[in-house]
Protein chains: 2
Amino acid sequence: MAEPRTLALDAMGGDHGPGVVVPGAAISLVRHPQLSFVFYGDEAAIAPHLEANPDLKARSRVVHTAQVVPMHEKPSQALRRGKGSSMWMALEAVKTGEAHAAVSAGNTGALMAMAKLILRPMRGIERPAIAAIWPTIEAECIVLDVGANIGASARQLTDFALLGAAMARTLFHVERPTVGLLNVGTEEVKGNEDVKEAHALLKDIAAPLDYRGFVEGDEIGQGKVDVVVVEGFAGNIALKTAEGTARQITHYLKAAMTRSWVSKVGAMIARGGFRVLKEKLDPRRVNGGTFLGLNGIAIKSHGGTDALGFASAVDLGYELAGSGLLERLASDLDSFHNKLGKASETAGPAGGSTSGDGGA
Amino acid sequence: MAEPRTLALDAMGGDHGPGVVVPGAAISLVRHPQLSFVFYGDEAAIAPHLEANPDLKARSRVVHTAQVVPMHEKPSQALRRGKGSSMWMALEAVKTGEAHAAVSAGNTGALMAMAKLILRPMRGIERPAIAAIWPTIEAECIVLDVGANIGASARQLTDFALLGAAMARTLFHVERPTVGLLNVGTEEVKGNEDVKEAHALLKDIAAPLDYRGFVEGDEIGQGKVDVVVVEGFAGNIALKTAEGTARQITHYLKAAMTRSWVSKVGAMIARGGFRVLKEKLDPRRVNGGTFLGLNGIAIKSHGGTDALGFASAVDLGYELAGSGLLERLASDLDSFHNKLGKASETAGPAGGSTSGDGGA
């Protein structure tokens, strides 16, 4: 028997609030009956949706809170005003151990700012990252950072590799996930200094991951590695560009299949195949950005998604919750940062600053 | 009557050399009969391909050169050793005015290094950019920089906007092309400092372009703007990611259409539609990276392409050659840089350095 796992859900987040969050949880519960939920938000708005799902109601608790973080509020404002909001309370529940993970479809910037404040970065982590699950022709891979921060130092990129590998270990059930560093061109030595330096660090690292060197943008979807590491600006652009290209090709395909009655007939006959394709390309299947590098798991669902899409984010919360991911990760990070500290001590004063790296 | 245009072709560049370059030129000549060519490379290797195309032969000249830049040579080495190579000579022909543009399928880094040395950056341009033509659901747009350099200052990004607008004016026949700055998120003020500063410059600029603000990765393929401006690291990753996603979906589509005999029959009936789609997604249709910001047009064809793909790069050379693009661009750049110089003079010593900006 799998052990019970509790998720804290921000019932008010996203464009549709409880109308999507509660039915989404109900879908996920069918798949993972050992889940239980705490919903944070307006009790009166949540209640009717729970009433409609008796099985869910039996495994849920509602904590009323009147306050909601607006979808377009700036992170700094959300931090000042957001204490006691549904988003805040869901994260608090992870901190206190009441829940194993939090899921919110609310304002990304506010969620990240609150998560950093409430859950705090893990020891030695300068910046948390947002990890996306990216469908590949093989299966799926993890890409991070897809937008928590702009830019990343070599050390931060190396931390991202460890964070992503820990997530891949949990989700893909491989002990030494393959990791690649996103770069431009492989013909010659290219890329910026941070990427080159991270490459050197990762080649030497004794972490439980299998570093495969540089990968290019077109290799993400080929499933060349389990984890693709990139700083947040290029990572976010890559993710959005892939989404846009998928929509663009779907558009072309529809146009091509409706251009003549013959094509229409053919497409009608092949509709089983098109249904498979449509499912494959359905963005709701892989909804959920995971905040990694904090002392607790928080997942951001797309704000405009429906119940099926929100259920994917809840599924992800289920997979990552209570899996020992963070404990294992903490020890991997400590070991890497200790070595980094020792290496720069050995290198002497000329080898660069050791500040911050060696400390507990 | 359209006036004659001469292109200088590096016959030895790319994976296949004259076997692709010469037949590619022949295809383009059928479309643009006013073209004439100078082929640079091994005369003995070029001759048989020209013999096979009498129409092309009648409009071509061959300049023999024994030296070839290897595909994987480092740019610095190519510069030292490459004088007199087929690539070098093709660029020289643009400099001397013998040809209106040069096209090469050779080593990108070497071509850019030589082009900078031989053609020289335009007055006021710190860094040339590589511009890609990106298919959209509307038509096409131009994305730059897709990999000439890593990173770009606000001023360089603004220069890219002017360069891209000049190219769009020529290719798309619009007087004030729409321009967007690639960024992450629009919910709040995001992005790095250079992008924010470029945004401020572009909002005020009195250039012949219609600045539309930030665009995100998924909006490139939607055809939201004619020109998308981004620094080369993220731009290259976006381009490659889009290519990879297109291949990935084609893979899914094939799998979906062959999964059962019913799908196969349907796909067979709809094959006319699939042919249209295949043409739409054919990467050979938009082959060619344009080097912008130099005193002459140089085009990089994909190294592994076939004659049809090389012909697209030649077509692009035809469109951009002799169009008055550079003359017009030079005056737009001067006007922008003069204003920039004056603005920083007005701002006084505290407003930043005016060095280099105001000079002729």
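**Domains and the pairing of chains**

Author: The centres of domain 1 of chain A and domain 2 of chain A, taken over C-alpha atoms, are 27 Å apart. This is a predicted model, in which local features need pLDDT of at least 70, side-chain atom pairs count only at pLDDT 80 or more, and totals for chains, interfaces and linings use all residues. Residues are numbered from 1 along each chain as its sequence is written, while chains are lettered from A and ligands numbered from 1 in the order in which they are written.

Reader: What makes these stretches of chain A domain 1 and domain 2?
Author: Domain bounds come from an automatic or database domain assignment. For chain A, that gives 1-120 + 294-323 as domain 1 and 125-254 + 286-292 + 326-360 as domain 2.

Reader: How do you know how many residues of the two domains of chain A are in contact?
Author: Two residues count as in contact if their C-beta atoms, placed from the backbone, lie within 7 Å. By that test, 19 residues of domain 1 of chain A meet 11 residues of domain 2 of chain A.

Reader: What makes you say that the copies meet through the same surface?
Author: 100% of the interface residues of chain A are also interface residues in chain B, so the surface is the same. Chain A brings 57 residues to the contact, and chain B brings 57 residues.
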